[in-house]
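Please brief me on this protein chain. Keep it short and sort the points by topic.

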Amino acid sequence: MADSWCTIESDPGVFTELISTFGVKGVQVEELYSLDEETFAQNAPIYGLIFLFKYKSEVDDRPTVSTEEEPGLFFANQVIPNACATQAILSILLNLGPEVELGETLNEFKSFTGDFSSEARNVLGVSICS
């Protein structure tokens, strides 16, 4: 397993290019400066939010989400450092409904990892990005 992930620039254009490379159609990333209703209306539809902030590495004993408790939820427990933006993008996309065309790569990935642990999903998820 990789000790670290090559950090990608926290830029909407870079994120949109990554999404496009996966084969997703009709989705782009926009930077928001406000979380008010007017901003949401101007940028609709909004499928998810990614909050980026400095992170301090600390032990976190809180339990993670169990996919058995939420059928159909794609959740990948982040186990590779510096992959948070990539993981957030994958989690948003793989939990969307049929209104968004994910493309062959993500549809196959979602199907293939359906029975995997959340840790294995994370490792495989960042590997499709390289």
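α1 (12-22) and α3 (84-94) each give at least two residues to the lining of the second largest pocket. The model is predicted: local features need pLDDT of at least 70, side-chain atom pairs count only at pLDDT 80 or more, and totals for chains, interfaces and linings use all residues. Residues are numbered from 1 along each chain as its sequence is written, and side-chain values use heavy atoms, with hydrogens and water left out.

**The pocket**
- The second largest pocket holds about 680 Å³ of space.
- A pocket is an open set of points on a 1 Å grid over the protein atoms alone, where a 1.4 Å probe fits, with protein on both sides within 12 Å along at least five of seven lines; lining residues have an atom within 4 Å of a point.
- Its volume is the space filled by probe spheres set on the points, which are joined across faces, edges and corners.
- The lining has 26 residues, and Val29, Glu30, Gly48, Leu49 and Ile50 lie nearest the centre.
- By type, the lining residues are 18 nonpolar, five polar and three charged.
- Nonpolar here means Ala, Val, Leu, Ile, Met, Phe, Trp, Tyr, Cys and Pro; charged means Asp, Glu, Lys and Arg; the others, Gly among them, are polar.

**The fold**
- The protein chain has five helices and zero strands.
- Helices (H or I, at least four residues) and strands (E, at least two) are DSSP runs, numbered from the N terminus.
- Of the 130 residues in the protein chain, 28% are buried.
- Buried means under 20% relative accessible area, exposed over 50%, and partly exposed in between (1.4 Å probe, protein chains only).
- α3 is mostly covered, with eight of its 11 residues buried.
- Among the buried residues of α3 are Ala85, Ile89 and Leu93.

**The loops**
- Leu35 sits in the loop between α1 and α2. Leu35 counts as exposed because its relative accessibility is 51%.
- Pro45 is in the loop between α2 (37-42) and α3. A cis peptide bond links Ala44 to Pro45, with omega about -5 degrees.
- Phe74 also belongs to the loop between α2 and α3. Phe74 has 5% relative accessibility, so Phe74 counts as buried.
- Phe74 and Ile92 are 18 residues apart in sequence, and their C-alpha atoms are 8.7 Å apart in space.
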